[in-house]
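Reader: I would like to learn how to read the cavities in a protein model. Please take me through an example.

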Amino acid sequence: MAARNSPAQSDGAKKERYPQLNHEARPRHLGSVEGRLNQFIGGHYAGVNLSALHFADRKDDPSHVSLSVWSAPGRSKPSFAEAKRQTYKATKKGEQFGPSWTNHWFKIALHIPKEWEGYERVQFEFDCSGEAMVFTTDGDPIHGLTGGWGEDRRVEFIIPPSARKAGVAHFYIEASCNGMFGIDNMAPPDQNRYYKLNSADLVVPNMEAWHLMWDFQTLHQTMRELPDDTPLRNRCLHVANEIMNVFQEGSLESVTKCRKVAEEILGEAWEKEIGKESKKAAKERGALWGVGHCHIDTAWLWPFSVTQQKSARSWSTQIDLMDRYPEHRFSATQAQQFKWTEQLYPSLFARIKERVAEGSFQPTGATWVEMDCNMPSGEALVRQFLYGQRYYHSRFGFKCKTFVLPDTFGYSSQLPQIARLAGCDNFFTQKLSWNNDNDFPNSTFNWVGLDSSQILTHMTPVNNYNSQCNMEDIRRGMTGNKNMEVTSQALLLYGNGDGGGGPTPPMLEKLRRARAIGKHPSAGGQIPLVHMGGSMDEFYAAIRDETKDARLLPNWRGELYAEFHRGTYTTHASIKKGNRKGEILLREAEHAATMASIASAPYHYPQKKLDAAWEDLLLCQFHDVLPGSGIGMIYEDAEERYANVQKIGAEVLKSAYDVLYPGSKAIEEGISGMDLFAINTLPGVPRLEVMEVAGKAGVVAQRGASGKGYVLVQAQDGLGNVKALDGSVQGVKVQQIGESLIMSNGTLKMEMKEGRIVSVYDAQADKEIIPEGQSGGLVIMEDHPNAWDAWDVDQFHLEKQTHLSFGSASIVESGPLRGVIGTSLRIGQSSIEVQIIMDAVPASLKADARSMIRFDAVVDWREKHKFLKFELPMTISAENATYDTQFGVVSRPTHRNTSWDNAKFEVCGHKFADLSEYGYGVAILNDCKYGYATEGNVMRLSLLRAPTEPDANCDMGTHAFSFAIYPHKGTFAESDVPIVAAAFNMPMQCNISDADRQDIASVAKRPPITLEGAPNVILETIKRGEDDEADGTFCIVLRMFEQYGGHARPTLKLRDLAIKKIQLVNLLEEPVHEIEVKSTTFAGETVHDVQLCFRGFEIKTVRVCLERRRKEKERRGSSGSWVKV
């Protein structure tokens, strides 16, 4: 029989590359191989898979780790120097520390085994279940730690090479009894929680095993994220599976082989290549810009004091990462947090400044804090930028170009103009990705504000500001980009956020692998190339380059309304009140102090006091403080700061009034025989108002049953005088007729029946305001949001409501100056007392002005998950209602035609909302509320809520507030609603004096600065220049805006001021250009006229520089003034 193989095919023959015969049963993988990949790290097989090789050795015995502790008393937060000199006692792993919010200092001594010299790394693992900070023995904070087992866990501190060489390391750790997200996350915090010291171990990590873990995770995630029919997805599946085949239990040698297998996807010697690129990362190309970020809520589930520690922990850690990862660039916002760090951790701040100078640490954002943008006044928003930008410039030598608000609950339509006037060309957010109903249509666009100012805006398609750098986020940076037709650029902000922490080594390792895999031949169109080493400003410059200076981008006009968190306009009512009252007080204080400094040269403008008050107020506008969405502790802090604002404001006013109104003081009970006058808090606005005073026979035109007295005060300029009740004023009457209480004067008649307002009749217009069969009054609604208790109110709350009757009602005052109906009712455990007030005079001196109907409420609120509102149905039909906003008004639909309209069932307004049709309108005014809703012909003002998470006692207690109905002739644009609402919020102040009124300063009697010729332009702010004290100059800064949305050419008149020059400046008070001044003198009075031109809703800031020399003395004999007499 012949042999089957010829001699040429014997054992010595060369093996074929592709054999003819194949006897293997080699199947295509079934779907189960994808599940197999889940077994390689952790889980059920952690004892035998890669996780078993993560650490080579671990020691925690006293011979290697010596621990002692000192616990700071109470909730105190001692400095390092204080803590270091205390007496420490021995402690050990497993002990518990507390209670909540306390701080405990650990003294650490480590003895490092000599046999560990050959390892790549030795680290100390400290897990106190909460947050901690590592200090050198000299007190330098160098690294933050986060205990527990969450995604933000960071418990390792790398032992420096010098300590390893010496074999011993000494340092301190400040451990705090709170987690990254407070005590109990969203639940009201347990104030008696204790935290366990889980680990305090010397550890040797097997770094090659960790690197393989990151390799494998990248392949696994890429496989999961890419479509099934893509080559790269299937190659990743194959290679990841092969890694598991090559891996041998307990074998570090197999780990090296596995990493070689991973190079089939990541590229041969990819790690070396990426390492080289990382040293010049800014020059590398890429469309997804990776910028490290650390969003730290200035207060939320923790108080302000904890945020001060969070900033230091987070930022010190980033400096450490910059040493290890040269491509790492880190951005941080909020000047307030930088100031805290500068004050409390000066050595860390010095290191931050060094990194800022080299460009790796990037302060950005421009504002004092990441404020709420719905409720702060226009002037407060200006101050956010003014104080933020001035701080950045003074400490780092630059002003921010990019305005950053990633987590705020909606964005006012005046922000584009305010930001541009404060030096910002760019805006970043992502919060509208949270919208409940409508998907925002753009990622990168020109946001155009009320006045047509635009700002280049990017809402990252990644849809977060705290990416973990997983492939899902990286890929979404491309697939989620809604403007790919004109720009492929997108921003990836990576790092743990909200509670701080920032980027971690695993994130940077994942990004290195993403950069490598992005270069794979099959990655094109599937995975974006990640660009490292850049900044936010450079990112926006790249967009401009790609889109012809943004001319190719779409525009979005008007507010960026957030379709969620609508309850924050109402939650924590006392905080809203503190904000409104503080804003108004500081406005009045600055104006009075400016006038005093004009009137008297010796008077020193209290800039530092005002700065301190503004900083407190701006801090409390943070987007989890003012909205009411934090734990109860932060509102205790906020109330203290509001009290300080009131204290400073009152001191500044008193000091200024002593100069302006010498010998006078606020009216008090029992004082008689003295001259009574009123200080007009809206100088230049004529007013005629009924004022309540302590009874005084000589001037009181009406004495109330409770001893109150009422006077009629008329003010043309700065001072108001008591006006006699004459035939020009038709008195008010209050009558009980059958079951109805009727209150009327010459313009209005209100009827209340069965505790509801059934009629408001305008006699002059012969118009009934309330529709037949409907009534106005209080309404209470069930308030059970689906999620986010303190934040959200859902549309269905409108479906379950109860109309409340005012309960018992009686006539309190029956005229002739003021009529008052007193009402009271109980609902559940709560009591509500409301005085309904009508005065004999109209609400303004406009020729056709009507009176207002005022409601002064005192509510002892004890309800949970109830929503109290005031509603007014009207015989008015209009498609849109008008709402007061910063430096203007915004129009919103009363209908629900589209899903965009439907989402605006609860909106934010400031001092008023107005519903008008041709010829007539009605406004609802308020003195401290922000939530409104207009459905068809029914307008509602939101008064009180009562969520229970995260503050279990939110809004419980007594509330006092006022609101009013103001009917008016004509449309809103023809009305004087804004001035009436301003007067409602800024009542005149009655003073008495036993001195001759001739001693009152001339600038107090007649304002030296007025606007004329354009009633639609408002002079909002009068203050001194920010740099006056530093430069030795004397400047007055005036802020004006157009109120109604039309053009105007007002004349700014300056009387008897020694003017050096007048400049148009930006919001930072930097010159734009000089303004021409025309001066005329008549009868000894010099008037300087400045012609200004406004577009609709435009904001202008003018700086008036005065000659810095003493002028003639005023009659009151002061040592000098800046006023010509």
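Author: This is a predicted model. A cavity is a space where a probe fits but cannot get out. The largest cavity here holds about 120 Å³ of space.

Reader: Which residues are the closest to the centre of the largest cavity?

Author: They are N374, S412, E559, R892 and C908, out of 18 residues that line the largest cavity.

Reader: How does the lining of the largest cavity divide by class?

Author: That lining has 8 nonpolar residues, 7 polar and 3 charged.

Reader: How many cavities of 30 Å³ or more does the structure hold?

Author: There are 6 at that cut-off. The second largest cavity has about 60 Å³ of space. Its lining consists of 13 residues, and those closest to the centre are G144, T146, R313, S314 and G501.

Reader: Which helix or strand supplies the largest share of the lining of the second largest cavity?

Author: Helix α8 does, with 4 residues. At least two residues of this lining come from α8 (304–324), and at least two from strand β8 (141–146). By class, the lining of the second largest cavity has 2 nonpolar, 7 polar and 4 charged residues.

Reader: What does UniProt list for residues 563–642?

Author: An unreviewed UniProt entry gives this span as "domain: Glycoside hydrolase family 38 central". Such an annotation may be inferred rather than shown by experiment. In the model, residues 563–642 are 64% helix and 0% strand, and the end C-alpha atoms of the span lie 30 Å apart.

Key
Residues are numbered from 1 along each chain as its sequence is written. This is a predicted model: local features need pLDDT of at least 70, side-chain atom pairs count only at pLDDT 80 or more; totals for chains, interfaces and linings use all residues. Side-chain values use heavy atoms; hydrogens and water are left out. On a 1 Å grid over the protein atoms alone, a cavity is a set of points where a 1.4 Å probe fits but cannot get out, and a pocket is an open set with protein on both sides within 12 Å along at least five of seven lines; lining residues have an atom within 4 Å of a point. Grid points are joined across faces, edges and corners, and a volume is the space filled by probe spheres set on the points. Ala, Val, Leu, Ile, Met, Phe, Trp, Tyr, Cys and Pro count as nonpolar, Asp, Glu, Lys and Arg as charged, and the others, Gly among them, as polar.
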